[in-house]
Amino acid sequence: MESSSVDTAVVQHQDKRLIVPVPMPYDHAVERFEQLVPAADMARFAQLATWDAVLKQAEINAPHGFMIYWRMDVTATMAGSGSGWKCTEYLMGNHTIAERMFRHDPSAMLYAPLRVLIHADRDRASRFVVDQPSTLFQSFDNSSIATVGVELDRLLADLLVLLGAAAPQELRAY
């Protein structure tokens, strides 16, 4: 058996988790988020013959830059556990933006799409939770990938404002 000379790499990095109050009840926050961030129409994307067509379709499908690729009703999943939290988890992103990182390092897909959560806290106030994109993508030590992370910060800030929330300063620091 032949052994590989490729060394294992270990990358240690820090990220920032943003926990942002959303000024509406949980059910309304989820509904508004899903209006602003529609589900990705993967069947439609699969029918397109060129990347230019995919780019145009992404602009239509993601009017605010993001699409939902996956959704889980955590409340229903945890029913019967006694925890009592209201919570929905998403994978949110835009594969046409992610491609600009993927071309440099496929490992960037570890964080694309972004994992986001909307939940009600103990006082029934809504919270939007996400790890700051730029802190995730700067860990790849590639300026092209880091630049896209900063762009995602800005898109995320704009989305939070559309949700009626105050965008954290960290998202507009660059």
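The legends below describe close-up views of a predicted model. In this model local features need pLDDT of at least 70 and side-chain atom pairs count only at pLDDT 80 or more, while totals for chains, interfaces and linings use all residues. Residues are numbered from 1 along each chain as its sequence is written, and side-chain values use heavy atoms, with hydrogens and water left out.

**View A. Strand E5 and its partners.** Strand E5 (residues 126-131) pairs with strand E1 (residues 17-22) in the antiparallel sense over six bridges, where strands are DSSP runs (E, at least two residues) numbered from the N terminus and two of them pair if DSSP finds at least two bridges between them. Strand E4 (residues 114-120) also runs antiparallel to E5, joined by five bridges. Arg127 in E5 is the bridge partner of Pro21 and stands opposite His119.

**View B. The salt bridge of Arg127.** Arg127 forms a salt bridge with Asp121, their closest N and O atoms being 2.9 Å apart; the term means a side-chain nitrogen of Lys or Arg within 4 Å of a carboxyl oxygen of Asp or Glu. Asp121 counts as buried at 13% relative accessibility (buried is under 20% relative accessible area, exposed over 50%, partly exposed in between, with a 1.4 Å probe and protein chains only).

**View C. Helix H1 and Lys86.** Tyr26, Ala29, Val30, Phe33 and Leu36 are the buried residues of helix H1 (residues 26-36), a helix being a DSSP run of H or I with at least four residues. Asp27 meets Lys86 in a salt bridge between side chains (3.3 Å, N to O), and this pair links distant parts of the chain, 59 residues apart.
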